[in-house]
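Here are my notes on the model you asked about. Have the structure open while you read, and work through the points in order.

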Amino acid sequence: MARLKDKVILITGAGRGIGRACAILAAEEGADLVLTDIGVPIDSVPYPLSSSDQLETTVRSCREAGASVVARLADMCEMDDVRELVEEAVGRFGRIDAVVNNAGIGAPAGKAAHLYESEEWEILLNVNLSGPWRVIKAAAPILLEQGHGSIINIASTAGLLGYKHFAGYVASKHGLVGLTKSAALDYAPRNIRVNAICPGPVYDDERLDGHMTKVVADSLGIRLGDQEAIDLESVALNTVVSPRDVAEAMVWLASDGSQRVTGTTIAVDAGYSAK
Ligand SMILES: NC(=O)c1ccc[n+]([C@@H]2O[C@H](COP(=O)([O-])OP(=O)(O)OC[C@H]3O[C@@H](n4cnc5c(N)ncnc54)[C@H](O)[C@@H]3O)[C@@H](O)[C@H]2O)c1
C-alpha cells in the first residue's frame, strides 16, 4: 500500500540532493507534488545552487513514477515568491497535506564566528531559518483551514551540536529546531504537526547531483576523499547516510503513520549524535 496515496506534498530545494530524493520517494509512494528550487546563484553563496534544468530532471523522474507535479522556481528569501508558490499549489490541487522545508545552504563557512562578513552571516540565517518560516507563514493559513497538515523541516545534526568553523550554519539549524518546537505547540490544537529531521553526514550521490560533502570539504580546505574518511570515522554505524534514508523519514512524517508525532527531531545520522 502506497504510504502517501492522495497526499499533496510541497518540497523546497527539490532540484537535487536530498530534496530530489524526497520528491522521487514521495512520488513512488503515491503523492502528488509541488516542487520548487531557486534556479539561479546567490552572490554570497560560494557554490552554484540548482539550475532550472536540475529541477526539471527531478520533475521528470517524479512524473515517471506516476505523480502529478507542479514545478515553479522560487527564492525562499522572497516572501512574494513563497506566497505565489503556495497559491499555485492550492490553485492546482486544492490543498497541501505536507510541506517539506528542505532548501538550504551549507556555506559560507570554514572560519571562526567573528570572521564572517555580515552578509555571509545574514544569508545563512535568511535561507536556512527565515526561509522555512516564510513557507510556514504562507502555508499555515491553508493548513489551518483544512484542519490538518504535516510540516517537515530538514535541519541537521548541526541543529543539535556545534561544528567548528560552521557557526553560521549551526546557528541557523539550531534556530530551525527551535522554530519546529514552537510552531508544533502553536498548531497542535488545530491538528497540524511540525517536526524536524536532522541528517548527519550524507554522501554525495551522483545520480541526485548531490555535492554537499564537497561543499563542506571545500569550506574547510581539505580534499573530498579526506572529508569522506572523516565522516565515516565520525558515525557509529559503519556507513554514512544516503539521501534516500532522509527521504524515508520524510515519508513517515508526511504519512498518517506518524499522526501522534509532533515537535520532535529525528536524527538520521548513522549514530553520529549518539557519541
Ligand atoms: N548533505 C548533507 O550532508 C546534509 C546534512 C544535514 C542537513 N542537510 C540539509 O539538507 C538540505 C538539503 O541539502 P543537500 O545536501 O541536498 O544540498 P543541495 O545544495 O544539493 O540542495 C539544497 C537545495 O536548496 C536550494 N536552495 C538553496 N537556497 C535556496 C533559496 N534561497 N531558495 C530556493 N532554493 C534554495 C538549492 O538550489 C539546492 O537545490 C539542506 O537544508 C541541508 O542543510 C544536508
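This is a predicted model: local features need pLDDT of at least 70, side-chain atom pairs count only at pLDDT 80 or more; totals for chains, interfaces and linings use all residues.

1. Residues are numbered from 1 along each chain as its sequence is written, and side-chain values use heavy atoms, with hydrogens and water left out.

2. Start with the ligand. It has 28 residues around it, and the closest are Arg16, Asp37, Ser50, Asn102 and Tyr169 (near means that a heavy atom of the residue lies within 4 Å of the molecule). By class, this shell holds 16 nonpolar, eight polar and four charged residues. For that count, Ala, Val, Leu, Ile, Met, Phe, Trp, Tyr, Cys and Pro are nonpolar, Asp, Glu, Lys and Arg are charged, and the others, Gly among them, are polar.

3. Which backbone atoms sit by ligand oxygen atoms? For isoleucine 18, a polar backbone atom is 2.8 Å from a ligand oxygen. Asparagine 102 has a backbone N or O atom 2.8 Å from a ligand oxygen, and for glycine 104 the distance from a polar backbone atom to a ligand oxygen is 3.4 Å. (A polar contact is a pair of N or O atoms within 3.5 Å.) On its own the ligand has 820 Å² of accessible area, and the protein covers 97% of that; such areas come from the Shrake-Rupley method with a 1.4 Å probe. Helix H1 (17–28) and helix H5 (167–187) are the elements giving two or more residues to the shell. (Helices are DSSP runs of H or I with at least four residues, strands are runs of E with at least two, and both are numbered from the N terminus.)

4. Proline 108 is in the loop between strand S4 (98–101) and helix H4 (118–146). Most residues other than glycine have a negative phi, and most peptide bonds are trans.

5. Two non-glycine residues with positive phi are worth checking. Aspartate 6 has a phi of about 70° and lies in the segment before strand S1 (8–12). Is aspartate 6 buried or exposed? Its relative accessible area is 54%, so aspartate 6 is exposed. Asparagine 191 also has a positive phi of about 70°; this residue is in the loop between H5 and strand S6 (192–199) and, at 47% relative accessibility, is partly exposed.

6. Asparagine 191 turns up again in the lining of the second largest pocket, along with residues including Lys7, Asp97, His148 and Arg193. This pocket holds about 170 Å³ of space, and its lining divides into one nonpolar, six polar and four charged residues. (On a 1 Å grid over the protein atoms alone, a pocket is an open set of points where a 1.4 Å probe fits, with protein on both sides within 12 Å along at least five of seven lines; lining residues have an atom within 4 Å of a point. A volume is the space filled by probe spheres set on the points.)

7. Last, alanine 89 lies in helix H3 (residues 79–93) and is buried, at 0% relative accessibility.

How values were computed. A polar contact is a pair of N or O atoms within 3.5 Å; within protein, one must be able to donate a hydrogen and the other to accept it, and residues adjacent in sequence count only if both atoms are side-chain atoms. Buried means under 20% relative accessible area, exposed over 50%, partly exposed in between (1.4 Å probe, protein chains only).
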